[in-house]
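Dear colleague,

I am passing a structure on to you, together with some notes on what turned up in it. Please look at the sequence and the model first, and then read on.

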Amino acid sequence: MAEVIAAGSAMEAALALLSAGEVVAVPTETVYGLAGDATSGEAVARIFEAKGRPRFNPLIAHVGSLAMAEELAIFDPLSRRLAEKFWPGPLTLVLPLKPGSAIHPLVTAGLDTVALRMPRGFAAGLIARLGRPLAAPSANRSGRISATTAAAVAEDLGERIPLVVDDGPTPVGVESTIVKVEDGRPRLLRPGGVAAAEIEAVAGMALARSGAAAGIEAPGMMTSHYAPGAAVRLNAVETFADEALLAFGPQRARGAEQALAIRNLSERGDLREAAANLFFHLKELDRLGAAMIAVEPVPDTGLGEAINDRLARAAAPRDADDDNE
Ligand code: TXA
Ligand code: MG
């Protein structure tokens, strides 16, 4: 069973495990990550093993500095500008691998690109001390909701990993935004913790959207990725008996008094607060055993785009073959 150690006293234990090719669950500002040395095939294989991923999908490599990133990948001018503006923070950039890059091919699933991001929090200090990039998918079993607390990690992966570093609930609560610049034009591969409009403001142009190509570009983002046990019904303006209700804002859906339980993503309708609460509240409602979780409408602006993306995945029909994350 994993040891759970508070972030303030976990650094040496985490370093020792990572140096030995082991995996460690660590907090980032978005969600908890299941981290391993991104230059070690053995460590990366352990990540896939612990998550129970049916296939090897490309992972994000986390760096401690722009200098470390530039040793691993080739930056075009726009990608560099985005990195300078948003790093450290919840933005992942997909970049061409640099020849001789230390990233192990298992991280990129053999692609000639690598997804890089510079996290905040405990993970950042850990990478600086280790001096090597960390591969880290979200610290949940394949097909489950991403973990935003150490307790959720321990519940999901505790029997499979040696250490969970606990730094409380993650402040952003949804995964990073993934962007790829192609011929000078930025493309949004996954909405996330940086709102699309913020990126567009820095880029000075609109983000291309992935559309049907999304599944190919970011194979880990297939439909049922965020599936809770309960079925999920979106844009609920009415609640039926025996449903659990995931609410948003000050006004309740009709019939809310019949709900088995209600969790509000943000009483005051704040999308940042809603993102931070999303996975935690979904998990809590799921735990009650309701057959259906009804979700009130969430506006699609700002971080609402990432929230609605995750909710749509949670509501998507379940297909074990799709469930490649
Ligand atoms: O906030 C986050 O991004 C969290 C924390 C732990 O950093 N990590 C995370 O990792 O969400 P994961 O493995 O759950 O999602 C990684 C996503 C997947 O959708 C994967 O397909 C995509 O990144 N990805 C990785 N490498 C890629 C590449 N070379 N090209 C396109 N997509 C890539
Ligand atoms: Mg994930």
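Pro88 sits in the loop that joins α4 to β5 (91-96), where helices (H or I, at least four residues) and strands (E, at least two) are DSSP runs numbered from the N terminus. The peptide bond leading from Trp87 into Pro88 is cis, with an omega near -10°. Most peptide bonds are trans, and most residues other than glycine have a negative phi.

Please keep in mind that this is a predicted model, in which local features need pLDDT of at least 70 and side-chain atom pairs count only at pLDDT 80 or more, while totals for chains, interfaces and linings use all residues. Residues are numbered from 1 along each chain as its sequence is written, and chains are lettered from A and ligands numbered from 1 in the order in which they are written.

Two aspartates have a backbone angle worth noting. Asp183, in the loop between β9 (177-182) and β10 (185-190), has a positive phi of about 50° although it is not a glycine. Asp242, in the loop between β12 (231-233) and β13 (243-247), likewise has a positive phi, near 75°. Are these residues buried or exposed? A residue is called buried if 20 or more other C-beta atoms, placed from the backbone, lie within 10 Å of its own, exposed if 12 or fewer do, and partly exposed in between. Asp183 counts as exposed because it has 5 C-beta neighbours inside 10 Å, and Asp242, with 11 such neighbours inside 10 Å, counts as exposed too.

Thr170, in the loop between β8 (163-166) and β9, is by contrast buried, with 25 other C-beta atoms within 10 Å. Leaving aside residues up to four places away in sequence, Thr170 touches Pro27, Thr28, Glu29, Thr30, Val31, Tyr32 and Thr148, a contact being a pair of residues whose C-beta atoms, placed from the backbone, lie within 7 Å.

Next come two helix pairs. The axes of α4 (residues 77-86) and α8 (residues 196-203) come within 10 Å and cross at roughly 125°, the axes being lines fitted to C-alpha atoms over the stretch in contact, with angles from 0 to 180 degrees between N-to-C directions. The two helices are therefore oblique to each other (under 35 degrees is roughly parallel, over 145 roughly antiparallel, 65 to 115 roughly perpendicular, and the rest oblique). In their contact, Leu78, Arg81, Leu82 and Lys85 of α4 meet Ile199, Val202 and Ala203 of α8. These residues divide into five nonpolar, no polar and two charged, where Ala, Val, Leu, Ile, Met, Phe, Trp, Tyr, Cys and Pro count as nonpolar, Asp, Glu, Lys and Arg as charged, and the others, Gly among them, as polar.

Helix α1 (residues 11-19) packs on helix α6 (residues 122-130) at an angle of about 55°, with the axes 10 Å apart. That makes α1 oblique to α6. Met11, Ala14, Leu15 and Leu18 of α1 meet Gly125, Leu126, Arg129 and Leu130 of α6, and by class this contact has six nonpolar, one polar and one charged residues.

As for the protein overall, there are 11 helices and 15 strands. Buried residues make up 50% of the 325 residues, and the C-alpha trace spans about 60 × 50 × 35 Å along its principal axes.

Key. Two residues are in contact if their C-beta atoms, placed from the backbone, lie within 7 Å.
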